[in-house]
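Biologist: I'd like to learn how to read a few features off a model. Could we go through them one at a time?

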Amino acid sequence: MHPRHDRYDDPSERHVIVVGDNGLTLRFIKHLIERYAFRVTAVFPDGPGGQREEIRREAEVNRKLQVFTQPVVTAETVRLAGLDYAYAVALMDQNDVGNLHLALTIREMSHYFGDQTLPRLVIRMYNSGLRANIRKLLGDDEDGVYVQSDADMVADTYALAALQQLPPGEIKVWGRRLYLSRRREERAEAQWVVAGGNRAGIELIPEDENEALRYLWLSPDRKPAQVRPKLVNATLAVKELLSALRGMLTRSLVVLALVLFAVFAFGYLVLQFWPSGANRPDGTGEVFYLLALMAGGGIDPDMTASRLLKVTQAVVVLTGSLLIPFATGAIVQAVVDRRYALSEGRRTRQVREHVIVVGLGNMGTRVVERLREAKIPVVAIEKNRDAMGVRAARAKGAQVLLGDGSNQEILEEANIKHCRSLVAMAKQDESNLETALSGLECNPQLRTVMRIYNPEFATLVRQNLNRSTPRQEAPPHASYSAPEVASASFAQALTDDKVLVTIPVRGHIAYIEAFEVGEGSQMDDAAAHRATKVGSHRLLAVKRAGGTISWNPDAAFRVGRGDTLLVVATRKGLNDILERCRPGGPGW
């Protein structure tokens, strides 16, 4: 635990200073207050702007939130807001250099405090290169510094939704792989119900699976394949190469290929079955050898040959002499056409089973990068040809079309009838909704993913588009509020929880965390079933002090001090199982 943090055993005593006034900031503050019971002071400049009025209104009805303003926000402003007794400072402005400057100044100022302890720092930063190297200046999470981009946080959620996968995707814990699914998985070695319910409400860690919505399942333990991943990667590379070649095959090249095939097939039959003259081939190999010489014009005339053979040789030689200039012209034309398509923002090659991403802003570009890392074909659509995301998407191997993503002609050119899904990532909610509805006009079976700013509106859009989908079926339409998704991750960084995995389920969150059984605790020499409580937490596995792991142990399995329990739990359940594992007894 960071030196300053051991003074705040009661979360309600923790004071967090939040600098910023955007939509993410407001949701971040609500998470800190409602989920973790922290006290918050919001710091931003005087006057109107951003979400300042909304934050002020929230402070009027919430006694745990205070507002502190000055004409210009500096490190001195943060000090006056209570830096000397703050548990943490969160810098949430959309200004990388400004946030870094403020963080360095706050750290320097904190060194002059009498107790020589430092508040935790949470910094929102866009530039990935700067973010990766900021540890050299401020330290890392072990030093109480957490630096992240909201775009990176939510990109995985949108990319997984585009592939009809449930976040958080593949979960790697204790050398094994866990996955989330909507129904029971036949391949599972073990599985547990994480959430259940109906339209009336969601229940985490339910008693039975009559209304199960989410299963967490353990993938069978197999030795890592050495050959199969390489074959899969090679197959994907070949498919992309063939797709690129198909894009270069103009009608002229196709006609040329067919004519050459017909001429050489005719030549092969003549040389094989009606040979005569001085150059008589002996076997199939010599037939191909003679054909190659004829095509290159490198065979001597044979005046004693039959008329059929002479005609065949002449046709093959003339065809071969025309091959190089004709093929060169066709290839040059294909290259020119491709360059023109790139400059005009048109599709350069055929593509199927791809994902269409509309909007190459910060978040849209990150989604494209995530999909391309998974070797998924991507066609991106962007209005602004000068947008930075255009070059970044093409560098990752995505095709980029320039135009309005809600235009059905552009969507048709993106081959929307044969895509896996459409991801609308523009900054405006109405643009994303219009794009999704236009896509459904082109393809009624289309799967859509929308970026919607307001979380309540996102929920309503999702529910109405999926109202005809059975509860157990994977809904074809998804919509998420990016600030809502990111704010939860930022808020979690201010806790002392060592949460391994966060599992979102329709606005609720379950956690996977490990707890060591203390000597004399309630779980010391207890049956494994005592580590499961309906509505609170469920035991997944037990790791012995010696390192052996038992997944899904039966009810009679005994655990003792030094063992580590892996559980899936609610927020309240984490505290409950922590109390059960806390050391106790006469010696404590």
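Biologist: Let me start with one side chain: is Arg 27 buried or exposed?

Modeller: Arg 27 is buried, at a relative accessible area of 12%. Buried means under 20% relative accessible area, exposed means over 50%, and partly exposed is in between, with a 1.4 Å probe and protein chains only. Before we go on, this is a predicted model, where local features need pLDDT of at least 70 and side-chain atom pairs count only at pLDDT 80 or more, while totals for chains, interfaces and linings use all residues. Residues are numbered from 1 along each chain as its sequence is written, and side-chain values use heavy atoms, with hydrogens and water left out.

Biologist: Which residue forms a salt bridge with Arg 27?

Modeller: The general idea is that side chains of opposite charge can pair when their charged atoms come close. The cut-off here is a side-chain nitrogen of Lys or Arg within 4 Å of a carboxyl oxygen of Asp or Glu. For Arg 27 the partner is Glu 484, with the closest N and O atoms 3.7 Å apart. This pair connects distant parts of the chain, since Glu 484 sits in helix 17 (residues 482-492) and Arg 27 in helix 1, 457 residues apart. Glu 484 is partly exposed, at 31% relative accessible area. Helices are DSSP runs of H or I with at least four residues, strands are runs of E with at least two, and both are numbered from the N terminus.

Biologist: How many salt bridges does a search of the whole structure find?

Modeller: The search finds 17. One of them joins the side chains of Arg 52 and Asp 21, at 2.5 Å from N to O. Arg 52 lies in helix 2 (residues 52-61) and Asp 21 in the loop between strand 1 (15-19) and helix 1 (23-35), so the pair ties together parts that are 31 residues apart in sequence. Arg 52 is buried at 11%, and Asp 21 is buried at 12%.

Biologist: And Arg 187, buried or exposed?

Modeller: Arg 187 is exposed, with a relative accessible area of 55%. Its side chain meets that of Glu 185 in a salt bridge of 2.8 Å, N to O.

Biologist: Which residues are linked in a network of salt bridges?

Modeller: Asp 152, Asp 156, Arg 366 and Arg 370. Asp 156 belongs to helix 7 (residues 150-162) and is partly exposed at 38%. Asp 156 and Arg 366 are 210 residues apart in sequence, yet their C-alpha atoms are 8.5 Å apart in space.

Biologist: Okay, on to strands. How many residues of strand 24 are buried?

Modeller: In a regular strand the side chains alternate between the two faces of the sheet. In strand 24 (residues 564-569), 6 of the 6 residues are buried. Thr 564, Leu 566 and Val 568 point one way, and Leu 565, Val 567 and Ala 569 the other way.

Biologist: Which strands pair with strand 24?

Modeller: Pairing means DSSP finds at least two bridges between two strands. Strand 19 (residues 508-516) runs antiparallel to strand 24 and is joined to it by 6 bridges. Strand 21 (residues 537-543) also pairs with strand 24 in the antiparallel sense, over 6 bridges. Ala 569 stands opposite Tyr 511 and is also the bridge partner of His 537.
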